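Here is a short report on one model.

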Amino acid sequence: MEEKWWMRSVVYQIYPRSFCDSNQDGVGDLNGIRSKIPYLKKLGIDVIWLSPVYESPNADNGYDISNYYAISPEFGTMEEMKSLIRECRESGIRIVMDLVVNHTSDEHAWFLEAKKSEDSPYRDYYIWRKGEAGSPPNDLRACFGGSAWEYSEETGAHYLHLFGVKQPDLNWENDAVRKEIWNMMNYWIDLGIGGFRMDVIDLIGKVPDQGITGNGPMLHTYLQEMNRETFGTKDLLTVGECWGADPEKGRMYSDPARRELSMIFQFEQSMLDEQPGKEKWDLRPLQLRELKQVFTRWQTEMEGHGWNSLFWNNHDLPRIVSRWGDDGVYRVASAKMLATLLHGMKGTPYIYQGEEIGMTNMPFHSFTEFQDIESLNMIQERLEKGYLPEEIMKSLRAKSRDNARTPMQWNSGLQAGFTEGQPWCPVNPNYREINAARALRDQDSIFYYYQKLINLRKTEDILIYGSYELLLPEDENIYAYMRAWQGKKWLIVCNFYKEPVPFSYEGTGRTILSNYKENSRTIQNLNNRNLRPYEAAIYELEM
Ligand code: TEU
Ligand code: CA
């Protein structure tokens, strides 16, 4: 495949509301982000994925947009947005905007017009079905619980919303809707952004009357049209959020010959700790062998026909060190192990704010502490169904999206240095121990480990181009794989758990990176070793 700039890049996701507050109103903002460019530069990332900063009534924290051409006043102004884009560019950082076009807010001007009358020119921008209140056209369910159809009195019809009631779905079958979206995308492209992250893009081809939501028949036709009409000739990074993708679908999106997207986010690994066919709240322990199978399938099946994105975390997922690492004694070692495992693979890595300092889940104690619409709806739904409060709490502590949305922990001062006001969401009480200032003072911190991994990707072609081969597929404790490129071989080996475990590889290698103190760059005998708790290393094999 032809080399693209985003193949060598590392993306940093910013959830603006929780990143840095510059004006003491308790909400992170654009000027806060601008003040942290040197920090991001130091980490070494080259792209920011900015979660939505558009005008929004915040029913879903900005994923419900009421104006695609305006910045939400709580985040700043369009002038500040332009300055952010420019200042990042000057530091070699591109900005990838969140593109939320499966739905708008119900406060978007299009919807306000559409719901007034069947004759409105905007009526067909959304998906309506005539019918009585209380009897929706079918039993489609919304992602945030309840029916996907909401009755609207003005015209005696239901509209479709695959997420919250305040997030009506756009009707992609309407040419005028697609045209509006292409215009809007081109507006942002002209402002000099580096690309788009496309929210739930696999839903745009839905056929609601047949119960089809994801991967509808027109999905790829629309994406090809989008590519032609907007970014196709522009050399941007485009990444689709695709919960329903397997590797075969992954190739359809990202095979350069098909002219759709650069890559997608797939979530097969992210669903391994839930009971199959049930909801994300229905927990089960992760099986390492399954994790290896999923990653390995994506690594091998995309080879030459597409490109992977690599991520553990985002604003919807629990913190990885709490989820599959250890957020107690082995927090630092396990965070570095998880970083090694992911960044050693082929694809474009994504870091979610705070991951680089090993931020953890929030120790929630009561239902009143939750703010996210998905968690709030789930609490209500499960209480009604008779679940025990303790059971519900257990699921929320493990999986609530609020875990990832607590303010970024900058220092050990008041409110972790996130704001001088009252933060919109409480700071994790562990901020005195876990914060960026402390990480920057400690040469062994998770921060500097990420910095090294990012740096390796800049200098080592083997990370970009090298083939991937899984070793020890049946091993239940160790994740080990080999990358190979032009006569060079790198062995990546990770003990996924806290129990020490024997590991043996016939050969010797030079340590490229390790989360335990080793005489780096000296030759190691890899035979008959004992991996310490969460030990991880990259070795260049002696050939
Ligand atoms: O997420 C898509 C999505 O399917 C999530 O709702 C997911 O199922 C859930 O978060 C798992 O916990 C995207 C955005 O990333 C999310 O923040 C939005 O709420 C959602 O779309 C609607 O725009
Ligand atoms: Ca603010």
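Is Asn-23 buried, partly exposed or exposed? Asn-23 is partly exposed, at a relative accessible area of 42%. Buried means under 20% relative accessible area, exposed over 50%, and partly exposed in between (1.4 Å probe, protein chains only).

This is a predicted model, where local features need pLDDT of at least 70, side-chain atom pairs count only at pLDDT 80 or more, and totals for chains, interfaces and linings use all residues. Residues are numbered from 1 along each chain as its sequence is written, chains are lettered from A and ligands numbered from 1 in written order, and side-chain values use heavy atoms, without hydrogens and water.

**Calcium site.** Asp-21 (OD), Asn-23 (OD1), Asp-25 (OD), Val-27 (O) and Asp-29 (OD) coordinate the calcium ion (ligand 2) at 2.2 to 2.3 Å. Donors are N, O and S atoms within 2.8 Å of the metal (3.2 Å for Na, K and Ca); water is not among the atoms, so sites may look incomplete. Along the chain, the donors of this ion are spaced D-x1-N-x1-D-x1-V-x1-D. Asp-25 is partly exposed, at 39% relative accessibility.

Most residues other than glycine have a negative phi. Helices (H or I, at least four residues) and strands (E, at least two) are DSSP runs, numbered from the N terminus.

**Helix pair.** H10 (residues 331–343) passes H14 (residues 446–459). Contact (heavy atoms within 4.5 Å) involves residues including Ala-335 of H10 and Leu-453 of H14.

Terms used:
Axes are lines fitted to C-alpha atoms, for helices over the stretch in contact, and angles run from 0 to 180 degrees between N-to-C directions. A crossing is left-handed if the near helix is turned anticlockwise from the far one by less than a right angle, and right-handed if clockwise.
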